[in-house]
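Subject: Structure handover and notes

Hello,

Here is the structure you asked for. My notes on it follow below.

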Amino acid sequence: MAKKYVYLFREGKASMRDLLGGKGANLAEMTQIGLPVPPGFTLTTEACNGYYANGENVPDGTWDQVWPALADVETATGKLFGDKKNPLLVSVRSGAKFSMPGMMDTVLNLGLNDDTVEALAVNTQNERFAWDCYRRFIQMFGDVVLEVEHYLFEQILETAKDKQGVRFDSELSPESLKWMVGEYKKQILRSTGKPFPMDPKEQLQLAVLAVFRSWNNDRANVYRIINNIPHDIGTAVNVQSMVFGNMGSDSGTGVAFTRNPSTGEKALYGEYLMNAQGEDVVAGIRTPQPIATLAQENENIYKQFVENSQRLEAHYRDMQDIEFTIERGKLYMLQTRNGKRTASAAIRVAVDLYHEGMITKEEAVMRIEPQQLDHLLHRRMDGEAKLQILAKGLPASPGAASGKIVFSAEEAERLGQLGEKVILVRTETTPDDIRGILAAQGILTSRGGMTSHAAVVSRHMGKPAVCGCDALKIDYAQKLVAIDGVEYPEGTLFSIDGATGRVIKGEVKMVDPELSEGFKEFLGWADEISRLKVMANADTPAEATNARNFGAVGIGLTRTEHMFMDPERIPIVQEMILAQTLEEREVALAKLLPMQEEDFYGILKAMEGFPVTIRLLDPPLHEFLPHSEELIVEITKLRMSKSDPKALNEKEGLLRKVRALSELNPMLGHRGCRLGVSFPEITVMQARAVFQASARLVKEGYDIHPEVMIPLTMGKEEFVMMRKLVDDTAQAVMGEQNVQIKYHVGTMIEVPRAALLADEIGKVADFFSFGTNDLTQMTMGLSRDDAQGKFLPVYLEKNLLKSDPFVVLDRDGVGRLIDMAVKLGRGSNPDISLGICGEHGGEPNSVEFCHLVGLNYVSCSPFRVPIARLAAAQAAVVNKDQSK
């Protein structure tokens, strides 16, 4: 039996997303529950994948299934495809499993030709409407299917408006539209060498193939990479009978959300245009009316739409993004999908749906992508700042940003790669602008509304956007924008406030966000559900306080070397390094001891009640010394001037020491516990600083939990030697201060040999913290700094690696070592605490891995703590029966 590649809407259901795509599955579901959906059918994602597997030819038998399905639609509508009396027109739209708004191609009004346009004019008694549909169809088909440059059609459109002396497309007369149709056809013949196809069946075949082709266009590929959507799932194609919103004043089209996608407020939110087609709203060609206005324009239709919207939200148990059309006073529902929303809106919707009894806490935490929480940390404009407000548009996506204005996606991408902050300014954005939107700090458009492409994509990416700011007069040729007669060239600093719609000249001071009570409640649910604890990496009391505010339950990594980088301390550190004898070194260490003690005192105090893991000094010592190139320049100047022999002698001695400490591969050199082996006095000084700070806090009544981490151990022998130094120092301080301090000593597993010998080390260690950055480097033989900037992108592009292993933990290799070390460590010490520190600890896929192998905690930077908390909860929900 031949594989089924075509499903009528009435044959599908919502659970068939993999096969029918999100749009097809939802159209089928809406049909099943009795909503007014124009009839149609879906070509499956398997047909798309077959198209690529067959060298860009649809699988055998596909068209043999399309024509009977089309006949079914003809029966349902009472119209015939290509008929000269009562023609059926269809739309052809993409629809992947995951929503990719605007990334792939669409063709509307398909089925029109020189004969059917006349029939449409007679049947609707509206000649202008019929010819407007025809010119739109030829333009869209020419652009999308025949790949004729879009601007060529726009030039003809502008010429027609100039000839007739009108401003808007809707004012064009039937005669102007007929002239445009003729010119469009001529342009297609000039550009392609072939006439525009008049056979509706040929039109349909070509359009379906074009949508399949668009799965692999540049913007779709970029969007999938940004949103971690697989490249091999393919898109479905939905063929649906047309209904028309541009048949006159009793017709219209719109897009609406069942809740506000910016704030999450439970109120219908959207826009519509009368006498228009859906592309006019989404593309921002005309600035639409708010949906509430429809209640005054047509109370009955508005009431129907509200009822349908509520029904859809209740059915899907989530906020819906709905497209609708009104044709001659009759409402049709064209699409529904789970609405894209800002992070703050996503939190509010999830919390509200739980309190409304529609979803459980587990379902609520699964409704938000962990990376979305990054967007909640958007800064906003300082309320005290003095603003030079130039204009105001629609507050399309919250947040605030400053940057140099640019007028093309290409320039935004170019400057973004150079580290420049830019604001992308466009009349309206299109899907082709995706790279520029990604590179920009924010988006500013002169046209389009709250559901325009710029607004939807910006909200999804968490970027601020101001849309429909009609005070902007953009001159792309001169690369400038005029506001109230004042011209601002490309490169001018602008700021935008996506929460209020304000456009401001210059850079504005920003302030950090305040997290809502709903956000705290939501993450509280995450903590209830998750098994993994989330700690933070923090090197200062301020960072520790910040981490605690974000919900961290401890510090998993304090890098003591960062404390030595203070300009006031560098000379003392250099004095320690340059010491020729133990006595000289101890003099320098005595100066550093009180500084380190104050560091640890502040961090332990800020994290009272929670563990603080303090890693002993780790980097190569030469990092604290000047670069040899700089010293050579200074020495050369001193030699030439002969002005300061003493300084020259000191610099030459320093250069000798720098060269002596220099290593060919410092990442594998004299660092970590190897420093303690060579210079035990350094370890003793740091341990004394930890315990003296702890003793003070214990005396002051604080509940503190210091943990000392010995880095870069290769085996048990090193660890035992270093632990003895720490334990002896702890006993000495407790005796001196007459206090008892509860503490732990553990190690960072970052050398593969340590992972392999974890059972031996586990016998003498209280905890392991996997240092996944170094463990990845040493396991995979990659230098992060070199690989990421050179050959790693090539490996990702050629699919030799699924993802950057320094961003997403390599489960197959590094992960296998961690799993082995967990089993060995727990086998020899069942009470051992196990975690990871580093940015893998805040990456959702890596957090799930940590849950699966049975770690106790993850530790990440403070601002990623909320992400890790949510990812840990989601890992617990998804892997209920798989965790160890």
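How many of the residues of strand S8 (residues 252-257) are buried? In this predicted model, 6 of its 6 residues are buried, so the strand counts as mostly covered by the cut-off of under 20% relative accessible area.

S8 pairs with strand S9 (residues 269-274) in the antiparallel sense, over 6 bridges. In that pairing, Gly252 stands opposite Met274. S8 is also joined to strand S11 (residues 320-327) by 6 bridges, again antiparallel. There, Ala256 stands opposite Ile322.

Strand S7 (residues 235-241) is mostly covered too, with 7 of its 7 residues buried. Thr235, Val237, Val239 and Ser241 lie on one side of S7, with Ala236, Asn238 and Gln240 on the other, and both faces are covered. S7 has an antiparallel pairing with strand S2 (residues 40-43) over 4 bridges, where Leu43 stands opposite Val237. S7 also pairs with strand S5 (residues 90-96), antiparallel and over 7 bridges. Val92 stands opposite Val239 in this case.

The protein as a whole

The protein has 35 helices and 33 strands. Its C-alpha atoms fill a box of roughly 105 × 70 × 50 Å, taken along the principal axes. Of the 884 residues, 56% are buried. Among contacts with a separation of 6 or more, 69% are between residues 24 or more positions apart.

The accessible surface comes to about 37,300 Å², and carbon and sulfur atoms account for 50% of that. There are 98 positive and 119 negative side chains, with the centres of the two sets 1 Å apart.

Cysteines

A disulfide is a covalent bond between the sulfur atoms of two cysteines. The structure holds 0 disulfides. Cys467 is in no disulfide, and the nearest cysteine sulfur, that of Cys469, is 9.8 Å away. A disulfide would need the two sulfur atoms within 2.5 Å. Cys467 is buried, with a relative accessible area of 0%. Cys133 is buried as well, also at 0%.

Individual buried residues

Ser769 is found in strand S31 (residues 767-771). Its relative accessible area is 0%, so Ser769 is buried. Setting aside residues up to four places away in sequence, Ser769 touches Met709, Thr747, Met748, Ile749, Gly835, Ile836, Cys837 and Tyr857.

Gln139 lies in helix H5 (residues 127-144). Why does Gln139 count as buried? The relative accessibility of Gln139 is 9%, and buried means under 20%. With residues up to four places away again not counted, Gln139 touches His150, Phe153, Glu154 and Tyr184.

Leu376 is found in a loop, between helix H14 (361-366) and strand S13 (380-381). Leu376 counts as buried because its relative accessibility is 14%, under the 20% cut-off. Apart from its neighbours within four places in sequence, Leu376 is in contact with Ala343, Ser344, Ile347, Pro513, Leu515 and Phe519. Leu376 and Ile405 are 29 residues apart in sequence, and their C-alpha atoms are 25 Å apart in space.

Met461 has its place in helix H17 (residues 453-461). Met461 is buried, at a relative accessible area of 13%. From Met461 to Phe550 there are 89 residues in sequence and 22 Å in space, C-alpha to C-alpha.

Helix H21

The last item is helix H21 (residues 570-578), where Ile572, Val573, Gln574, Met576 and Ile577 are buried. Which helices are included in what covers the buried residues of H21? They include helix H22 (582-606), helix H24 (645-661) and helix H26 (680-699).

Regards

Technical notes:
Residues are numbered from 1 along each chain as its sequence is written. This is a predicted model: local features need pLDDT of at least 70, side-chain atom pairs count only at pLDDT 80 or more; totals for chains, interfaces and linings use all residues. Side-chain values use heavy atoms; hydrogens and water are left out. Buried means under 20% relative accessible area, exposed over 50%, partly exposed in between (1.4 Å probe, protein chains only). Helices (H or I, at least four residues) and strands (E, at least two) are DSSP runs, numbered from the N terminus. Two strands pair if DSSP finds at least two bridges between them. Contact means heavy atoms within 4.5 Å. Accessible areas come from the Shrake-Rupley method with a 1.4 Å probe; for residues, only the protein chains shown count as cover. Lys and Arg count as positive and Asp and Glu as negative; His and the chain ends are not counted. The place of a charge is taken as NZ of Lys, CZ of Arg, CG of Asp or CD of Glu.
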